[in-house]
Amino acid sequence: MIAESGHYALVLALALALIQSTLPILGARWRDFALMNVARSAALAQLLFVAASFAALVTLHATSDFSVVNVFENSHSLKPMIYKITGVWGNHEGSMLLWVFILALFGGLVAAFGNNLPLSLRAHVLAVQAWIASAFYLFILITSNPFLRIANPPIEGRDLNPVLQDIGLAVHPPMLYLGYVGFSISFSFAVAALIEGRIDAAWARWVRPWTLVAWIFLTLGIAMGSYWAYYELGWGGWWFWDPVENASLMPWLAGTALLHSAVVMEKRNALKIWTILLSILTFSLSLLGTFLVRSGVLTSVHAFATDPTRGVFILLILCVFIGGSLTLYAWRASALKQGGLFAPISREGALVLNNLFLTTACATVFIGTLYPLALEVLTGDKISVGAPFFNLTFAPLFVPLLIALPFGPLLAWKRGDLLGAAQRLSAAGIAALIAIAVLWAWTRGGSAFAPLAIGLAVFVVAGALSDLAERTGVFRMPFGTAMRRSRGLPRSTWGTAFAHAGVGIALIGIVCETTWNSEYIGSMKPNDTTEIAGYELKLAGVTQRQGPNFRETVAQFAVSLDGKPLSTMMPSKRNFTTRASSTTEAALLTRGASQLYISLGEAAADGAIAVRIYHKPLVLLIWFGPVLMAFGGMLSLSDRRLRVGAPKPAKAMRGLQAAE
Amino acid sequence: MRERGEVRKLIVISFVLLMAAFAASSAYAVQPDEIMSDPAKESRARDLSRELRCMVCQNQSIDDSDAPLARDLRLLVRERIAAGDSDAQVIDFLVARYGEFVLLKPRLEPHTLLLWLLPPLALVGGGIALWVHGRRRSRLAAAKDQSTFKLTAEEEARLERLIAAEPSPDKPG
């Protein structure tokens, strides 16, 4: 009964989406306010029905109703409740339902909070949103229905893949989807602007917060996934340049570029056409990511050929939306008027440079990910493109970008003073040089790469701080004045500084981890000791334990530093009987931003157990950086300018702009 | 049918994991018994392993993979190094045996030309496009400035008349 209700709610949501995708457009054409307003109520009702459908699937999983195929294939009655719930999106059908749920959520938010949008713009935006929703409802209902029943219900389920039974799974996919799907809003706004043939600063002011929301979630989602892989997969890697990762990195790079170009558009009314194109591309890359991972084309081109229903369906959606929006762009973009002029050395110029490098980086990932697929389809040649390729092509793009980064916020709009900016960055430059010199002396004989890269990171962080110092006047003025000035500073300025500092901090973590990572691989028996990076680890014992749906082997390591006992680390290896598979649960000991990391391997007959122990200096900065970036994004989001929104391009708005 | 189910499961895992598609089971790469006694040679073997693909895994290097094939390849690399091969010779040996698929960083050859050239071309092309666009716009703007601010002869004459007709401020009336 619950399954059927959920299914029916989804069909109703499709019907509502079809109404929402047509009537408002007609309303906008005929200037019929009642028809345009249909968009709002349809979007809200659609959200209600998808939420009901999603709740139905969650209930089925929570109550372990094995008469539903989806529950039977991915759940087990002994699984802890939290993993029963997170298992809902741990499989194809459920995660697609989550996808459309989030899509409807964003549509509902625009409907609920879009009261100050021009009526026809809102009607168009929600209609475009409903086109996307309709396509994906059809996809779910035709090829991936999560509510199918089994004729003879089995007693027990097949259990969820053990790797996915982790708290990381509870949070990572929803975050990532909020990011992916969130970009659909900027896409809908872009397409709506193209249909209307009108675009102004108010449009940009509306798009920016939505892009920012999606970007914050995507940033956190990627960082969280990376940390999850780091502790769950047991070999301490945190980024693998896997096509699935690349699928999430591409929209992030394009979305970051979009955030920056939207600033130019909002403040200076320039780069309009480019911003529209970026909005389309960013969401297209989200769709491409969905296609890549959903169709099975990554596993092998042949797997895609043998079971093509889903793949072809998504490919079709992809072609219609990307092809359609780009055609519309080609047709209508020239109708949009170009905005303000600026000199190459200016804030706008810096942001354009940012866009050039970010989009090139995005293109590099795109080519590296899709080239092997294209080559295999066209010529049958099989090649691999992996980490070494990306390290060589992707990383260098960030050097000029990061050198230029601190200059951007210090340059004036329209025409900037590079020399003045350089003078104001002299303290940051000196800090970077000191960092390079100290590291160089400390790692005598080591490669020059690490000190230089860390120097660059220090420059970025110090540059962000000197921008703040400059604006608050903290070193020039009495303390009270500086405090008052810092309170008066727009939150988005603080946000920029935090986000930029986050980039530098992540880079420090990346360089330290890859350069000074130490590793011990060996076989240890109880009471054996080993030393790594000054820490002494003693294997105190190995015991067996029974978990709710697994058995685990736990090893106790006594950790001491300079003879003083510090802590006990307990890595384990879990065997899940239902799926006959195992996971390693690494033990982590955090010391400042550095970590000791132990993971267990196979036990030998003589009682010895294979262990891998790592010392990863400053590794936590890799994820602390993105968290700081997301925090900066949130600060910027709370800026009064964005909260106020932009009802109409009224004169009052212009006045507000000039005040900055 | 079963196989298809397995493939689909793999896809499902790969999507949800997003970070590590291949992690169907716990990964445990280099085993203690594989390590070479000479640390310099071992570190060469590790560096080479990171450039080589485990062909049965999804986009995983043999250094990271716990598949039996990856272990065989790791041992083979160490064997060749022990036999005195240079890094390039080891790579050539593996390519001769397993094809180019084994390299995670493809060689620059006719069929990978675009792969290697497109990223730098995108940067250079983008830069040139920006430069040309910027120049054209500023020239257009300059031309527009001149045409807007230059008055026609008729306008000049009219302006003269208007100024002459305007009552001067210090002589009211």
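Which residue, with a positive phi, follows α7(A)? The legends below, drawn from a predicted model, begin with this helix.

View 1. Helix α7(A) covers residues 167-196. Its 30 residues should span 44 Å at 1.5 Å a residue, and the end C-alpha atoms are 45 Å apart, which agrees. Because 23 of the 30 residues are buried, α7(A) is largely enclosed by the rest of the structure. The residue that follows α7(A) is A:Gly197, with a positive phi near 70°.

**View 2. An open sheet in chain A.** Four strands lie in the order β1-β10-β9-β8, with antiparallel pairing. At the edges are β1 (518-524) and β8 (587-591), each of which pairs on one side only. From one strand to the next, the twist averages 15°. Strands of a sheet pair through backbone hydrogen bonds.

**View 3. The pairing of β8 and β9 in chain A.** Five bridges join β8(A) to β9(A), which comprises residues 594-603, in the antiparallel sense. A:Ala587 is placed opposite A:Ile598 of β9(A).

**View 4. Helix α4 of chain B.** Helix α4(B) runs over residues 87-98. At 1.5 Å a residue, its 12 residues should span 16 Å; the end C-alpha atoms are 16 Å apart, in agreement. Just after α4(B), B:Gly99 adopts a positive phi of about 85°.

**View 5. Confidence along chain B.** The mean pLDDT of chain B is 77. Confidence is highest in α4(B), at 92, and lowest in helix α1 (residues 2-17), at a mean of 42. Over residues 1-27 of chain B the pLDDT is below 50. Where pLDDT is low, the predicted coordinates should not be read in detail.

Technical notes
Residues numbered from 1 in each chain as written. Chains lettered and ligands numbered in written order. Predicted model: local features only at pLDDT ≥ 70, side-chain atom pairs only at ≥ 80, totals over all residues. Helix = DSSP H or I, 4+ residues; strand = E, 2+ residues; numbered from the N terminus. Expected span 1.5 Å × (residues − 1). pLDDT = per-residue confidence, 0-100. Contact = placed C-beta atoms within 7 Å. Buried ≥ 20, exposed ≤ 12 C-beta atoms within 10 Å, placed from the backbone. Pairing = 2+ DSSP bridges. Axes fitted to C-alpha atoms, helices over the stretch in contact; angles between N-to-C directions.
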